[in-house]
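Work through the exercises below with the model open. Each task is followed by a solution in steps.

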Amino acid sequence: MIQHIVKAYDEELKKLHDLIRYMGELTLSQINKAIQSIVDRDAELAREVISEDQKINLLEIRVDELATRILALRQPVASDLRTVIASLKISNQVERIADYAANIAKFSLNLQKLPSFEEVEGLPILIEIPKQMIESALIAFEKADLNLAIKVWHMDSEVDKLYKAYLQNLFAAMIADPKNVNPCTQLLFAAKNIERIGDQSQNIAEAVYTMITGKPFQESDLAKNGSKI
Amino acid sequence: MAFKIDVQNLNLFYGEKQALFNVSLGLPASQTTALIGPSGCGKSSFLRCLNRMNDVVPNLHLEGKVLLDGKDIYDPSVDVVDLRSHVGMVFQKPNPFPRSIYENVAYGPRIHRLFKDKSALDQIVEKSLTRAGLWDEVKDRLQQAATRLSGGQQQRLCIARAIAVNPKVILMDEPCSALDPIATAKIEELIDELREKFTLVIVTHNLQQAARISQKTAFFHSGYLVEAGETGELFTTPKDERTQGYITGRYG
Ligand SMILES: Nc1ncnc2c1ncn2[C@@H]1O[C@H](COP(=O)(O)OP(=O)(O)OP(=O)(O)O)[C@@H](O)[C@H]1O
Ligand SMILES: [Mg+2]
């Protein structure tokens with residue numbers, strides 16, 4: 001993108017991107033730690049995730065403040081305006097994702113009060129695609145990459161499939177032995193949160209889509225766009 | 001859509017120098033169209049073609065058509081004085097005549113003989129000043145010299161003068177550039193009210209102003225009309241790189 005005549009404006013927009021990238025990195029690390037804490041039955045790690053969540057909340061506030069400032073002082077239009085609006089939406093969505101990571105850490109603490117349970121091994125598999133979605137959606141935002149945003153959007157159906165399959169396993173385990181009901185319930189909640197991470201990442205992809213095209217996201221437009229590019 | 005003014009393939013030359021290149025632009029009735037673009041791109045030149053203000057410029061040469069309600073204003077049969085009563089103009093600096101407030105507004109109706117008697121003229125003056133949002137401020141001192149009004153009042157007086165002859169179109173060339181934010185807001189509010197009845201064209205360097213008051217925006221660059229469209233769309237999703245660069249404040 002060609003530079004603005006006013007340099008400080010470019011710096012502010014860059015700062016907005018930097019903040020969101022940092023939020024994304026922290027959130028991915030939170031997700032990794034939350035899942036790790038379940039597999040390793042590491043209560044300290046889970047508590048760390050819960051307390052670190054505040055950092056991401058604060059970053060969202062900083063994005064809000066900076067975006068508001070840019071709107072008031074620079075009165076952005078066209079692609080600049082769409083970038084600022086997208087930043088507001090995306091930081092909100094990333095913050096939500098971080099909340100899901102903190103939730104997972106809470107279920108981790110509950111699970112650790114119960115005997116160890118082998119179905120926890122399914123979670124690291126289930127989280128893989130949502131993690132890729134977050135990472136790619138944020139790259140799509142930074143690079144204004146429409147193709148990548150659309151790719152991310154389609155990944156969510158994969159998450160849903162894996163989620164349903166995992167639920168089947170948990171139901172089977174509960175039927176096989178009533179003792180499994182307790183840990184399975186915690187895992188159900190954790191899996192649900194992972195599935196929501198996929199949904200939120202899909203929302204980020206939609207915000208990026210709108211930022212680039214200037215049009216509200218509609219699934220029916222996707223087929224057209226997808227085949228065009 | 002039926003355009004009040006329809007400009008077709010307009011080329012304008014000042015002697016050897018071409019100032020406008022094949023410009024085609026429709027100005028929708030009862031809308032405000034904003035003309036934007038960097039200094040020297042031809043906005044004022046274009047505006048002046050719409051009521052033949054350019055006629056007096058030596059060595060001026062013009063090709064193409066400017067249709068007002070479907071009739072070419074450059075047709076030899078057109079009476080220019082009559083044309084200007086249909087297409088009025090408001091300039092950058094308020095330029096009231098050095099006469100009374102009353103006489104400034106009465107001037108146009110007088111030369112175009114638009115009234116039967118004195119009381120009809122009084123009515124035109126009152127109605128025009130009211131429409132221009134100035135009546136309450138001046139009704140007790142109509143005989144006072146217009147030059148003693150503030151800049152913003154003078155500009156509203158010039159707008160009253162333009163609408164006194166009941167034109168179809170009003171052209172404004174940077175009408176707020178000499179005004180403070182309050183006076184500007186008053187003119188903007190006025191423009192919004194006037195467009196119900198008139199077709200407005202406004203040249204402005206204030207992009208936020210263009211965005212606020214116009215329904216259609218046309219972006220000029222180096223004598224070319226680069227892009228024109230619905231204002232909301234042009235400011236959120238411009239199609240041309242040059243428009244994007246200009247409105248976002250980037251090097252072009
Ligand atoms: N009377 C004239 N004789 C010769 N050249 C002229 C005349 N009027 C304008 N020009 C030239 O035509 C080009 C367009 O000028 P114009 O005044 O239309 O630009 P503009 O877009 O209104 O600029 P600004 O925003 O500075 O008012 C310029 O290069 C200018 O020098
Ligand atoms: Mg000019």
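This is a predicted model: local features need pLDDT of at least 70, side-chain atom pairs count only at pLDDT 80 or more; totals for chains, interfaces and linings use all residues.

Residues are numbered from 1 along each chain as its sequence is written, chains are lettered from A and ligands numbered from 1 in the order in which they are written, and side-chain values use heavy atoms, with hydrogens and water left out.

**Exercise 1. Describe the shell around ligand 1 and its polar contacts**.

Step 1. Collect the residues near the ligand, meaning those with a heavy atom within 4 Å of it. There are 14 residues around ligand 1, and Ser39(B), Lys43(B), Ser44(B), Ser45(B) and His205(B) come nearest.

Step 2. Sort the shell by class: 4 nonpolar, 6 polar and 4 charged residues. Here Ala, Val, Leu, Ile, Met, Phe, Trp, Tyr, Cys and Pro count as nonpolar, Asp, Glu, Lys and Arg as charged, and the others, Gly among them, as polar.

Step 3. Assign the shell to helices (DSSP H or I, at least four residues) and strands (E, at least two), numbered from the N terminus. In chain B, β2 (17-28) and α1 (43-49) each supply at least two residues. The largest share, 4 residues, comes from α1(B).

Step 4. List polar contacts, here pairs of N or O atoms within 3.5 Å. A polar side-chain atom of His205(B) is 2.7 Å from an oxygen atom of ligand 1. For Lys17(B), a side-chain N or O atom lies 3.3 Å from an oxygen atom of the ligand. Tyr14(B) places a polar side-chain atom 3.4 Å from a nitrogen atom of ligand 1.

Step 5. Compute the cover with the Shrake-Rupley method and a 1.4 Å probe. Ligand 1 taken alone exposes 630 Å², and the protein buries 65% of that.

**Exercise 2. Decide how compact chain B is**.

Step 1. Count elements: chain B has 10 helices and 10 strands.

Step 2. Compare the radius of gyration, taken over C-alpha atoms, with the globule rule, 2.2 Å times the number of residues to the power 0.38. The radius is 18 Å and the rule gives 18 Å for 252 residues, so chain B is as compact as a globular protein of that length.

**Exercise 3. Is helix α3 of chain B mostly covered or mostly open, and what covers it?**

Step 1. Helix α3 (residues 101-111) is mostly covered, with 8 of its 11 residues buried. Among them are Ile101(B), Tyr102(B), Gly108(B) and Pro109(B).

Step 2. The cover includes α4 (118-131), α5 (135-138) and α6 of chain B.

Step 3. Just after α3(B), Arg113(B) takes a positive phi of about 50 degrees.

Notes
A polar contact is a pair of N or O atoms within 3.5 Å; within protein, one must be able to donate a hydrogen and the other to accept it, and residues adjacent in sequence count only if both atoms are side-chain atoms. Buried means under 20% relative accessible area, exposed over 50%, partly exposed in between (1.4 Å probe, protein chains only). Contact means heavy atoms within 4.5 Å.
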